[in-house]
Every structure is written in structure tokens, then in C-alpha cells.
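Please read it alongside the sequence and the coordinates.

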Amino acid sequence: MADRLESLKTDLRAAVGAANVFDGGETLEALSKDFYWYSPVLRRQLDGKRADVVVRPGSIDELKAAAAACYRAKVPLVPRGAGTGNYGQCVPLYGGVVVDMARMDRILSLDGGVARVQAGARLGTIEAEARKLGWELRCMPSTWVKSTMGGFLCGGSGGIGSITWGGINAPGNVKSLTMMTCEGEPRLVRLEEAQSLKALHTYGTTGIMVEVEMRLAPKVDYEQLILSSPDWDRLLDWTDAASRRGDWRKRLVTQFEWPIPSYFKPLARYLRPGDAVTFLLVDRSQADEVVANASAAGIECAHRMPLADPPRPPFISDYTWNHTTLWAIKMDPSITYVQSGFGRNFREQFAEIRRRFPGEVLFHLEWTAGNAKMMRGNAVANNPDEVVVGGIPLVFFRSEERLAELIAFCEEIGVFIANPHTFFLEDGGRHPNIADKRAFKSEVDPGSLLNPGKMRTYPVNPFAAEHAAP
Ligand SMILES: Cc1cc2nc3c(=O)[nH]c(=O)nc-3n(C[C@H](O)[C@H](O)[C@H](O)COP(=O)(O)OP(=O)(O)OC[C@H]3O[C@@H](n4cnc5c(N)ncnc54)[C@H](O)[C@@H]3O)c2cc1C
């Protein structure tokens, strides 16, 4: 590949301008990485992997010229947003070209409750602009300030807002996607509504996302609440019931067991040692009622503050979803995590995990809307059976074997695990439509150049010594 790379660099400079091509130094190093280092397994597998070149196109035409040049040179191409993914999704396994979407970041329109944006637009910017017009994002990751729309849809799943609106793949959230193919004459392919599912959460293997239409929600003014109790079960019962209250407008329902709150240093003055805590984002006009309801159940409101509009820190969401793991790793580098979805018998599942792995797992729970509700297009959580208890429990890492044992045990007792210790997309989540994704990839990526090695079941990988089994 080395010989092909030199002439490719010349073509790339012609395509996007020399100032937007990086083939060495700190920029190349930094833009070859994401947050894969959360996982001791991925650290072993991915440390040292890097791109040969980074390009930063500023328009569809520049991107087209760059993709066509990669196709001619038969060099891998890996799209990149803000690089906040956790599974090495945008780390190139075989070198080649990283396409940084940072310059394709325009908000094209926010009319009629739909955000039409270029894929490199930051969610934080979209949220701030949408709020000015009376709208807000339906769901966003806790990295929303920095991460991009394309990166969220290709690498993420859900987060803040998912208690009401579900995740990225809930029907209706994505209105359309426009994907660029990687071939001699790159084309634009538009996917609408349910069609878009075949390009969601595919790690940049099924085309380069260039434009997105995402439906918005009417804006709500939120209060940020921290509720506290020394009694984990009492707080769990209350929080679970609160998550199912269809009449309370919510954007976040999170619960942590002690000592997780002790990792949140900036919040130390609000947190009582030994207490479990629940973090809520609720409609400000309902906050007094929520606090009174908690108080009647013997649960104290440890802190409350309005969420500023336009958005401005402090954000309690900075401690939730996978930010929790970040705070924990900062305090104790031996901590890692799993991503889980519990059943209706979640209380028994917690007990079984505690019994089998005593002192090794700390519970961090996140409540989300189940897909059944979204299928009916009703965004209000009014059916108790349709809210799902999930979360990102922390794990004290002992060995890769012990981690695999924990994951196998969880699956045995019916806990769904989206394994964050693998870079294969099939092993990191649910892909009931993987056959559609493979078929779409073969249509848009005839040279099998897009992020090769990440779709484990794709039968062609020109860069692997052995091809993956279908
Ligand atoms: C502290 C922390 C908290 C997090 N919390 C959450 C959370 O709450 N919810 C959640 O879902 N995730 C979470 N994540 C993961 C990640 O931050 C999000 O998924 C985020 O939206 C990724 O966006 P990005 O722009 O950084 O994407 P990147 O990391 O740059 O890319 C992600 C994947 O998408 C591909 N990609 C990027 N842009 C394009 C494009 N235009 N076309 C095709 N493919 C593309 C990349 O190749 C890569 O495979 C968290 C991560 C961290 C480190």
C-alpha cells in the first residue's frame, strides 16, 4: 500500500487543499484515536493503530473527490466525527485515510421541528440553535456538547431524552439520511424513515453520512434534581415508579449506588457519604411536585438547579451515561464497565449478579423508553411495561477471562449485554437487521474500503490475511 499512498496524498491535496491534509505529527495521532482506552481489552488490541493520512473536506464535492481517490488507490477510508466513540469505532485497523467531518458542520434548517444538518454538525450547536426556536433534540449522548450528528447516528445509540423518545433507532426519530458511496464516481443515496435503519450504528462501514434530517421535540424548561437516600431499594422503587409516570415530563432518570457518587468530585458538597442517588431532569413546572412526592417516600432532595437556556454548565448529565465511567476511571484506573439491559425481574437479576460477583460490580442504572411504545408513535411513558431498566454498571477489572465470565453470566440470567470490549459492530449491540446492513454495504462500498474489519460478518476484507466468515 505504501507506493499507492504517495500518489494518493497528491490527489487528496488536490481534492481538499494542502492545509486540510495531515500525514504526520500530533494531528494524525490524535485523529486516529477515540475513547477505546476505557476497555483494557481494546487497549491491548488497538494501541498503536493509526491512519496514514487525515483529510478534512469542506463540501460534498471535496468529499466526493477524496472518496474517489481512495477508491482508485484501494486504500481504506474511515469517517470520523468528534472521536468520542468508546469501542475504537473510528480507529483504523489497517491504516489508510481518516475522513474528518469537522468542516462539514452546517445546520441547514430547523424548520417545522426537523433538524436538517450536515453530518459533522455538533449536537451541542444544534441543541442550542433548536432551543432558540422552541425545539430540542429528542435524544443525545452525554457527550452532546462535542459529538457530531453523524458520529451519534453511526456510533451511538441513545442517552439523554431516551426516557421519553427512545434511542436513535426508535421509529420516527430519524426522518432521513443521505449517504455517500465509496466508488469511482461516488453517488448520494437517500434513505427515508425505516430505510435509514440499515445505516444506523454501522461504524462508518455503510457509506459516508453527509446529511441528516432528525425530528425534534418541543422544548421543555428543565430542573436538574439530585435525590438521595441511604436505602438503595427504597430509592430504586421510587425511581422506577417515577420513570413510569407518564404525566411527568422527563429527559433523564439515572440511579447510582454508593461509592459511585464519591467519584463526582465537583458535586461532593451535595452528596452524603454512603447514600445512593438519583439524577433527574424534569419539567421545571413539575419539579416541586416531584420533590414532594420523593419526600413523602422518605427520599431527600440533596440539590436542585434550573438547566440554563441557552444551555450552559453545570449539567448533571455530565455525570450520567458513559460519563459516569469516565469519572470512575479517573479516580480508579482499575475500573471498567459493561452496558446492560435488564428484564422486568431486574431486582432479582441485580441480586444474582451481586451474589456471583461480590464486590466486583457497582450499579449505575439508566431508564429508557422501550421500543413498543415508540412503535405506536406515542412519546409519553404511560404504560409501565414499556419503560426499560438498563445501565452501565462499573466493574473492577481483574482479568479478561473474569470480564468474559461476568458477561456470560449476565446473558445466562437474561441480562442483555452490549459488549463494549469489542470493535466488531455485531458483538457490540443488537443488529436484528444485520443482513440488510451487509446488503447495503455491498451496494455502497464495492471495494470494501469503508472501515474494513469492523463488520465481522461481512464476507470481504481485502486487508485481512483471512476473510471473516459470513
Ligand atoms: C464520556 C462519554 C460518554 C458517552 N455517552 C454516550 C451516551 O450517552 N450515548 C451514546 O450513544 N454514546 C455515548 N458515548 C459514545 C459517543 O460519545 C457517542 O456515540 C457520540 O455520539 C459519537 O459521536 P462522535 O462525533 O464523537 O463520533 P465518532 O467517535 O467520531 O464516530 C463514531 C462512529 O461513527 C462513524 N462516523 C462518524 N461520522 C460519520 C459519518 N459522517 N459517516 C459515516 N460514519 C461516521 C465513525 O467511523 C465511527 O465508527 C459516550 C462516550 C464517552 C467518551
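Methionine 101 lies in the loop between β4 (97-100) and β5 (107-109); helices (H or I, at least four residues) and strands (E, at least two) are DSSP runs, numbered from the N terminus. The model is a predicted one, in which local features need pLDDT of at least 70 and side-chain atom pairs count only at pLDDT 80 or more, while totals for chains, interfaces and linings use all residues. Residues are numbered from 1 along each chain as its sequence is written.

**Methionine 101**

- Methionine 101 is buried, with 25 other C-beta atoms within 10 Å. A residue is buried if 20 or more other C-beta atoms lie within 10 Å of its own, exposed if 12 or fewer, and partly exposed in between, with C-beta atoms placed from the backbone.
- Apart from neighbours within four places in sequence, methionine 101 is in contact with Pro79, Arg80, Gly81, Ala119, Gly120, Thr148 and Gly150. Two residues are in contact if their C-beta atoms, placed from the backbone, lie within 7 Å.
- Between the C-alpha atoms of methionine 101 and valine 210 the separation is 8.7 Å, and the two residues are 109 residues apart along the chain.

**Threonine 178**

- Strand β8 (residues 174-180) holds threonine 178, which is buried, with 21 other C-beta atoms within 10 Å.
- Its contacts, leaving aside neighbours within four places in sequence, are with Leu188, Arg190, Val210 and Glu211.

**Helices α1 and α4**

- The axes of helix α1 (residues 2-16) and helix α4 (residues 60-73) come within 9 Å and cross at roughly 170 degrees. Axes are lines fitted to C-alpha atoms, for helices over the stretch in contact, and angles run from 0 to 180 degrees between N-to-C directions.
- The two helices, α1 and α4, are therefore roughly antiparallel to each other. Angles under 35 degrees count as roughly parallel, over 145 as roughly antiparallel, 65 to 115 as roughly perpendicular and the rest as oblique.
- On the α1 side of the contact are Arg4, Ser7, Leu8, Asp11, Leu12, Ala15 and Val16, and on the α4 side are Glu62, Ala65, Ala66, Ala69, Cys70 and Ala73.
- The residues of this contact of α1 with α4 divide into 9 nonpolar, 1 polar and 3 charged. Here Ala, Val, Leu, Ile, Met, Phe, Trp, Tyr, Cys and Pro count as nonpolar, Asp, Glu, Lys and Arg as charged, and the others, Gly among them, as polar.

**Nonpolar core**

- The largest nonpolar core has 131 residues, of which Ala66, Cys70, Leu77, Met149 and Met209 touch the most other members. A nonpolar core is a set of buried Ala, Val, Leu, Ile, Met, Phe, Trp, Tyr and Cys residues joined through C-beta atoms within 7 Å.
- Helix α4 gives the largest share of this core, 7 residues.
- Beyond four places in sequence, alanine 66 is in contact with Leu12, Ala15, Val16, Val55, Pro57 and Val99.

**Backbone features**

- Cis peptide bonds join aspartate 309 to proline 310, with omega about 5 degrees, and proline 313 to proline 314, with omega about 5 degrees.
- Proline 310 is in the loop between β14 (300-306) and α10 (321-331), and proline 314 is placed in the loop between β14 and α10.
- Histidine 201 is a residue other than glycine with a positive phi, near 55 degrees. It sits in the loop between β9 (188-192) and β10 (208-218) and counts as buried, with 22 C-beta neighbours inside 10 Å.
- Tyrosine 203, in the loop between β9 and β10, has a positive phi near 60 degrees. Tyrosine 203 is buried, with 22 other C-beta atoms within 10 Å.

- Cysteine 410 is placed in helix α13 (residues 400-412) and counts as buried, with 23 C-beta neighbours inside 10 Å.
- Not counting residues up to four places away in sequence, cysteine 410 touches Ser340, Ile353, Val415 and Ile417.
- Glycine 391 belongs to strand β19 (residues 387-391) and counts as buried, with 24 C-beta neighbours inside 10 Å.
- The C-alpha atoms of glycine 391 and histidine 364 are separated by 5.6 Å, and the contacts of glycine 391 outside four places in sequence are Ser340, Phe363, His364, Leu365 and Glu366.
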